[in-house]
Amino acid sequence: MSQISHKLLIGLLSVTVMAGTLFSQTLGVRAETAEERIALHREMEVQSNLIEGWPEGPIVSAESAILMEAESGTILYAKNIHKQEYPASTTKILTTLLATELCQLDEIVTFSHDAVFDNPPGSSGIAMDVGQELTMEQCLNAILIRSANEVAFAVAEHITGTTDWSVFADIMNERAKELGALNTHFANPNGLPDENHYTTAYDMAMIGRGFFANKMLCDISITRRMEIPASDKLPEAKIEISSMQIIPGGKYAYEYLVGCKTGYTVAARSSLVSCAEKDGLKLICVVMRDESPLQYEDTISLFNYGFGNFRKYNVSQTEKKYDVTFSDTVYSVNDVFGSSKPLLTLNKDDCIILPKTAEIGDTESTISYDTSDPGQAAVISYTYKGVDVGQVRLLFAADDNIPYEFDAVQEDALTEVTGNGVVIAQTAAPGEEETDSFPLTSVLLIAGIAAVALILLFLLLRLRAGRNYHAFTPKSNRRTWRRRRRRGFFRRRNKFRDYDF
């Protein structure tokens, strides 16, 4: 190329760059740096910090973040939790959960052309080739430890029998709804960029509740090294190392970590879905659209905030307002005769989550009838400072055939429970006056007294009838009857004298 041509090319490129810059400035559009994103995100409102009396949470650099108690679903920290974001590879927690629910670990997964080559060059994978095979268990390891995109494709094809990834995506979307997701739509099994592939921090926490309940998946997700031996269908062994820095051995290793999955694309930035457990409190943390390595720092800050400010309360052991028993239980009418079994009882395993500065007496509670689960009569829901902090189930006692139909109670009925037992109150319809409630225990007591009175009356009548009979029978007849009865007794006695009993 001549010197003149070279200068001309440089000049043309310079003009192009200047024109592009001028055009961008005219439209008010320019590239956003990581530092600018961090500063912008730190200025965003943390909704949970606006709750009066609620423990103040940390300022994080993620655009969206949530801290949720895993068992109750109580939200301890909330920042833009319903804002739609790209999940990137955190998508794979649902893919692997579905694989464990729909497949056996020893099933063989064969890699097709589409599974291998639909994975963009340079994206995460373990370099599988067409026709090679892995067991489903090996696939789970490859997806969670090395975030292998082509393996996620192969698992989706194995489950659905097609390389139309939307078919598996439909299964994912249905399962996500079942797990409690509200604003999620997945388009593929691995989180590769797609404008129709999005979720929220809240939805990922709800999906995480299912994932982190599976111990095997949790254990795989925090494993540092993966080794898949060579086989007839795998010419070379696969040895891979996890790049996640919050797992054991990582720079940000967190000692209470239960499981985790990271994600990154240019559009999604860095995201992290993780779970930690300490002192019986199991927390799920999700940070989205964060900047590396701040996703680890933000997650640890949120975990420490949760463990430092909240605790679990077993309602059946500490609640006094809902004392639904004479002695922890309500008894049926038969208890008057000492032979009944409990009618209702609070579930001993259900707990609520409260700040360490709060007590059960600081909460508000409502009860609703819900017999959708076998043995369940109602659900007591608790709030603190307007925040839902958990539910406790009111159960029918096991092994009981008591003819009491909670289904007959209207849906708009409320129940109050006092120290004397359950009080059922029917809420008045609009424009109607409320009627006084009547204690169930009072009904039981009245019924018991009535039953005892009937038995006593029956015995009294029998006794009086016997006396009347003897009163109107001549004395001579009574003496004759007694002599015959004694003679009959001796005859029967002599009859069996020669027999050895």
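Reader: What covers the buried residues of H6?
Author: The cover includes helix H3 (92–102), strand E3 (108–110), helix H4 (113–117), helix H5 (136–146) and helix H7 (165–178). Contact means heavy atoms within 4.5 Å. Helices (H or I, at least four residues) and strands (E, at least two) are DSSP runs, numbered from the N terminus.

Reader: What kind of model is this, and how are residues numbered?
Author: This is a predicted model, where local features need pLDDT of at least 70, side-chain atom pairs count only at pLDDT 80 or more, and totals for chains, interfaces and linings use all residues. Residues are numbered from 1 along each chain as its sequence is written, and side-chain values use heavy atoms, with hydrogens and water left out.

Reader: Back to H6. How many of its residues are buried?
Author: Nine of its 12. Buried means under 20% relative accessible area, exposed over 50%, partly exposed in between (1.4 Å probe, protein chains only). The buried ones are Asn149, Glu150, Val151, Ala152, Phe153, Ala154, Val155, Ala156 and Glu157.

Reader: New topic. How many aromatic pairs?
Author: The count is 11. Rings of Phe, Tyr and Trp (its six-membered ring) pair if their centres lie within 6.5 Å; planes under 30 degrees apart count as stacked, over 60 as edge-to-face and the rest as tilted. The rings of Tyr77 and Tyr305 have centres 6.1 Å apart and planes at 75°, so this pair is edge-to-face.

Reader: Where do Tyr77 and Tyr305 sit?
Author: Tyr77 is in strand E2 (residues 75–79) and Tyr305 in helix H10 (residues 294–309), 228 residues apart. Both Tyr77 and Tyr305 are buried.

Reader: Which residues form the aromatic cluster?
Author: Trp54, Tyr77, Tyr305, Phe310 and Tyr384.

Reader: Now the largest nonpolar core. Which residues touch the most other members?
Author: Leu94, Val151 and Val286, out of 60 residues. A nonpolar core is a set of buried Ala, Val, Leu, Ile, Met, Phe, Trp, Tyr and Cys residues joined through side-chain atoms within 4.5 Å.

Reader: What other core lies apart from it?
Author: One of 48 residues, among them Leu76, Ile222, Tyr252 and Val387.

Reader: Is Tyr252 buried or exposed?
Author: Tyr252 is buried, with a relative accessible area of 16%.
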